[in-house]
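Please examine the sequence and the three-dimensional structure shown here. The briefing that follows is arranged by topic for a reader new to this structure.

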Amino acid sequence: MNLGATVTAVRSSRVLLDDKVLPAVIVIKDGKIHEIIPRGEFSADAGFKVLDVGDSVVMPGIVDCHVHVNEPGRSSWEGFWTATRAAAAGGVTTIVDMPLNSIPPTTTLDHFNEKLREAKGKCFVDTAFWGGVIPGNEVELEIRPMIQAGVAGFKCFLIHSGVEEFPPVTDLDLHRAMKQLQGTGSVLLFHAETELQQTTERNEHLHLDPTEYSTFLQSRPDLMEIEAIQTVTELCLHYQVRCHIVHLSSAKPLKQIQAARQAGAPLTVETTHHYLSLCAEKIPAGATQFKCCPPIRDSNNQAQLWSALKAGHIDMVVSDHSPCTPDLKSLDSGDFTKAWGGISSLQFALPLFWSSASKRGFELPDVVRLLSKRTAQLCGLDHLKGSLAPSYDADLVIWDPDSQFQITEANIHHKNKLSPYLGITLQGVVRATIVRGRLVYQEGSFCPEPLGKHLLIPQRKHQAS
């Protein structure tokens, strides 16, 4: 079957339907799942283009709701063309673009429209967009029009973001923004770290070797997340506005998150593949490709994150794909204190997760729940994405969870081939990706032209959970 072709049926001996893996045929009509038929009962009509994938697993495409595409303005870091090809190669059928590090950031309706224009004709998978809250734009004139225009929600920083055009919000900004979001059903995402008062102990890292990872880790202690999350939980409880903690790194705030949820806070939380796959003890000196914020912590912390995932205390897992150019990683000096903080892993989200999760008692339905269903729910796409069921978009990933492959520069499709995962072997090979019934990726090759579309999120009614 040619790449870009319309697929009218997918047949496999392993189709993931709810919590069961069954032989079935997924019938597709007008880009939607029309029906799912037990394989023995399917009879192809003339004209049916059936993609028979043997015993490869067929499941809903991944929805990655934390991706920094950086276009317009920083297209040397990444761009819609390269990011969405990387997504397609990884079985990611929907991405949600963060409001930074593009220039301009997506903090006004005009900036949102500029980003939509920039992304037009460049997306190989479907793409939605977050708006941003910064000082000065938390007023009704900015937030409400962006909601009406279709942003999935908003993101803010409680600490310096790393780029000047997206400054952190103050307490006053937060209260104003929460008042604007009340009753809209929208969601406010928090980069939940906050600056701590400088003490002698806190300043010790300034005199340590900047090429040692421990120096950087000491500069971003768990307490930065604990204090920030305390602010988030108080706001969430007071205003009853949906709040979401992005890229939870420390396991220590989990108890306060659970306490807030039990008290009625409409609060969700994500962690990332790098916090689940990498640990501080194994990061070599000068290996700045491992730097991200909040930081990768130790193996004991990682084990607690996995336990929280298993218990349902962490809702979803995302890539936080945050690329940059090689010079910004300070690879020559190996200085962690100067390097850009961000890890690119959009393409490898599924095998990264499965390589570790499969050894910890997680099963295929858990993959869908944590990488597709919950992420689609967060950004208001759960009526279209994240499930194999009639009327849902025919977004499918076809993969072999038992095969292995090695990450090399040659098989990385994002723009800058920087990765802490270079050379490692992962379990789970994506064979093909289908977006709304079109074959966009298969065995290392892409459809000749981008077939993704922009997803504008309809305004939701107020949700208390």
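In strand S8 (residues 126-129), Phe 129 is the bridge partner of Asp 97, and Thr 127 is the bridge partner of Ile 95. This is a predicted model, in which local features need pLDDT of at least 70 and side-chain atom pairs count only at pLDDT 80 or more, while totals for chains, interfaces and linings use all residues. Residues are numbered from 1 along each chain as its sequence is written, and side-chain values use heavy atoms, with hydrogens and water left out.

**The parallel sheet**

- Helices (H or I, at least four residues) and strands (E, at least two) are DSSP runs, numbered from the N terminus.
- Two strands are said to pair if DSSP finds at least two bridges between them.
- An open sheet is formed by three strands in the order S6-S7-S8, with parallel pairing.
- S6 and S8 are the edge strands, each of which pairs on one side only.
- From one strand to the next, the twist averages 20°; axes are lines fitted to C-alpha atoms, for helices over the stretch in contact, and angles run from 0 to 180 degrees between N-to-C directions.
- S7 and S8 pair in the parallel sense over four bridges.
- Strand S6 (residues 62-67) also pairs with S7 in the parallel sense, over four bridges, and Val 92 in S7 is the bridge partner of Ile 62.
- Between S6 and S7 the chain passes through helix H1 (residues 80-89), and this β-α-β crossover is right-handed; that is, with the strands pointing away from the viewer, the path from the first strand over the helix to the second runs clockwise.
- Strand S7 (residues 92-97) is mostly covered, as six of its six residues are buried. Buried means under 20% relative accessible area, exposed over 50%, and partly exposed in between (1.4 Å probe, protein chains only).

**The largest pocket**

- On a 1 Å grid over the protein atoms alone, a pocket is an open set of points with protein on both sides within 12 Å along at least five of seven lines, a cavity is a set of points where a 1.4 Å probe fits but cannot get out, and lining residues have an atom within 4 Å of a point.
- The largest pocket holds about 640 Å³ of space; grid points are joined across faces, edges and corners, and a volume is the space filled by probe spheres set on the points.
- The lining of this pocket has 34 residues, and those closest to its centre are His 160, Gly 162, Arg 220, Lys 291 and Cys 293.
- Strand S10 (154-157) and helix H6 (213-219) each supply at least two residues of this lining, and H6 gives the most, with three residues.
- By class, the lining of the largest pocket has 11 nonpolar, 16 polar and seven charged residues. Ala, Val, Leu, Ile, Met, Phe, Trp, Tyr, Cys and Pro count as nonpolar, Asp, Glu, Lys and Arg as charged, and the others, Gly among them, as polar.

**Cavities**

- The structure contains three cavities of 30 Å³ or more.
- The largest cavity has a volume of about 60 Å³, and its lining includes Gln 289, Cys 324, Lys 329 and Asn 416.
- Five nonpolar, six polar and one charged residue make up the lining of the largest cavity.
- The second largest cavity has a volume of about 40 Å³, and among its lining residues are Ile 147, Thr 184, Ile 457 and Arg 460.
- The lining of the second largest cavity divides into four nonpolar, four polar and one charged.

**Backbone features in loops**

- Most residues other than glycine have a negative phi, and most peptide bonds are trans.
- Glu 71 and Pro 72 are joined by a cis peptide bond, with omega about 5°; Pro 72 lies in the loop between S6 and H1.
- A cis peptide bond, with omega about 5°, also joins Ile 103 and Pro 104; Pro 104 is placed in the loop between S7 and helix H2 (109-119).
- Asp 30 is not a glycine, yet has a positive phi of about 55°. Asp 30 lies in the loop between strand S2 (20-29) and strand S3 (32-38) and is exposed, with a relative accessible area of 75%.
- His 247, also not a glycine, has a positive phi of about 30°. His 247 is found in the loop between strand S12 (242-245) and helix H8 (254-262) and is buried, with a relative accessible area of 2%.
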